[in-house]
Amino acid sequence: MNPVATWNLVDDLRQMTAYPFMVNALRAGTIVAVVAGAVGWVMVLRRESFAGHTLAVVGFPGAAAATWLGISSGSGYFVACIGAALIIGALPAAVRGRGSTEQSAVIGIVQAFALAAGMLFVSLYKGFLSGLTNLLFGTIAGVSADQVNVLLAAAVPCLVLLVVLGRPLLWASIDPGSAAAHGVPVRSVTVLFMLLLGVAAAGTSQVTGSLLVFALLVAPAAAAHQLTSHPGLGVAASIAIAMAVTWVGMGFAYFSPYPIGFWVASFAFGVYLVGLATRTLLDRRGRRVARPDRNAVEVMA
């Protein structure tokens with residue numbers, strides 16, 4: 001199969017959806033984009049992007065071990081990411097605190113060990129492992145209908161829990177001291193959010209690969225934060241951006257020999273740059289408007 005883009009969007013979309021694996025990929029990508037966009041917005045707000053990336057990297061040895069044991073790689077992603085999320089969430093507050101040097105060291109060590117363990121499982125697998133690149137950088141050809149169902153089954157309770165946690169999670173993210181003083185169980189909220197982040201990282205890894213989770217989990221959310229500070233609008237913008245870069249990335253991956261992770265990462269980075277430029281222009285315009293007129297100042301003097 002050597003698909004050729006006609007640049008007629010309707011014809012190209014019809015050509016893509018003629019294959020069941022592309023239909024599964026589009027469904028899985030949409031589910032993952034919604035979860036990654038929503039959870040990612042809170043993750044960026046809490047300044048826990050490094051932890052999110054670590055959870056994705058941990059998914060690599062999980063998927064590699066699952067392949068070695070002859071079970072679904074998706075199961076390996078979820079088990080490894082959720083387990084690591086619970087461990088990180090259970091760290092003492094002094095270690096887990098945002099910006100903590102000790103936290104960065106712990107997470108960095110976990111990342112290094114995860115990559116080494118992943119390569120160990122790959123070397124232990126004696127069969128033909130053509131999917132190593134897919135584990136690291138993603139693929140659109142390997143998503144099955146069963147994986148779509150698993151992703152959906154994980155996404156629904158994840159989003160429901162995020163909505164239920166909404167207000168206390170937002171409060172604990174912005175001002176944990178005040179939230180704790182008013183009875184918000186900050187520690188429990190943190191553990192639950194890390195669990196949500198683990199689910200999001202596991203799902204995202206199956207589309208973009210373990211090494212490029214930032215493309216879908218961080219970049220859309222970071223771009224949304226540049227555009228608005230309103231929580232509702234921010235989450236909506238993050239989800240919309242994540243869905244857009246996922247769909248466009250899948251289209252380019254289908255008509256090219258390059259993995260989907262590369263395209264999603266490239267488009268997500270581009271959107272973030274656009275958001276950053278927009279925020280810079282708005283800030284400059286705001287300063288110009290707020291600047292007092294020189295003549296008015298002289299008259300007042």
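A residue counts as buried when its relative accessible area is under 20%, as exposed when it is over 50%, and as partly exposed in between, with a 1.4 Å probe and protein chains only. The model is predicted, so local features need pLDDT of at least 70 and side-chain atom pairs count only at pLDDT 80 or more, while totals for chains, interfaces and linings use all residues. Residues are numbered from 1 along each chain as its sequence is written, and side-chain values use heavy atoms, with hydrogens and water left out.

## Salt bridges

A salt bridge is a side-chain nitrogen of Lys or Arg within 4 Å of a carboxyl oxygen of Asp or Glu. The structure holds three of these, and the table lists them.

| Arginine 14 | Aspartate 11 | 2.8 Å |

Helices and strands are DSSP runs numbered from the N terminus: a helix is a run of H or I with at least four residues, and a strand is a run of E with at least two. Arginine 14 and aspartate 11 are three residues apart in helix 1 (residues 9-16), and therefore about one helical turn separates them. Aspartate 11 is partly exposed, at 36% relative accessible area.

Arginine 279 and aspartate 283 are four residues apart in helix 14, so they too are separated by about one helical turn. An α-helix has 3.6 residues a turn, so residues three or four places apart point the same way. Arginine 279 is partly exposed because its relative accessible area is 35%. Aspartate 283 is also partly exposed, with a value of 35%.

## Aromatic pairs

A pair of aromatic rings is described by the distance of the centres and the angle of the planes. Rings of Phe, Tyr and Trp (its six-membered ring) pair if their centres lie within 6.5 Å; planes under 30 degrees apart count as stacked, over 60 as edge-to-face and the rest as tilted. A search of the whole structure finds ten such pairs.

In one of them, the ring centres of phenylalanine 252 and tryptophan 263 are 5.1 Å apart and the planes stand at 45°, so the pair is tilted. This pair links distant parts of the chain, eleven residues apart: phenylalanine 252 is in helix 13 (residues 231-254) and tryptophan 263 is in helix 14 (residues 260-290). Phenylalanine 252 is partly exposed at 32% relative accessibility, whereas tryptophan 263 is buried at 16%.

Another pair joins tyrosine 254 and phenylalanine 255; it is edge-to-face, with 4.8 Å from centre to centre and 90° between the planes. Tyrosine 254 is buried, at 6% relative accessibility. Ring pairs also link Phe252, Tyr258, Phe262, Trp263 and Phe267 into a cluster.

## Buried parts

Which residues of helix 12 are buried? They are Ala219, Pro220, Ala221, Ala222, Ala223, Ala224, His225 and Gln226. Because eight of the nine residues of helix 12 (residues 219-227) are buried, the helix is largely enclosed by the rest of the structure.

Valine 39 lies in helix 2 (residues 20-45) and is buried, with a relative accessible area of 0%. Contact means heavy atoms within 4.5 Å. Leaving aside neighbours within four places in sequence, valine 39 is in contact with Cys158, Leu162, Phe193, Leu196, Leu197 and Ala200. Valine 39 and leucine 162 are 123 residues apart along the chain, yet their C-alpha atoms are separated by 7.7 Å.

Cysteine 158 is itself buried, at 3% relative accessibility, and cysteine 81 is buried at 0%. A disulfide is a pair of cysteine sulfur atoms within 2.5 Å, and a search of the whole structure finds zero of them.

## A nonpolar surface patch

Patches are made of residues with over 30% relative accessible area and no salt bridge: like charges are joined within 9 Å, and nonpolar side chains (Val, Leu, Ile, Met, Phe, Trp, Tyr) within 5 Å. Accessible areas come from the Shrake-Rupley method with a 1.4 Å probe, and for residues only the protein chains shown count as cover.

Trp68, Leu69, Ile71, Leu120 and Leu124 form a nonpolar patch on the surface, and together they have about 480 Å² of accessible area. Helix 3 (49-69) and helix 6 (101-124) each supply at least two of its residues. Tryptophan 68 is found in helix 3 and is partly exposed, with a relative accessible area of 38%.
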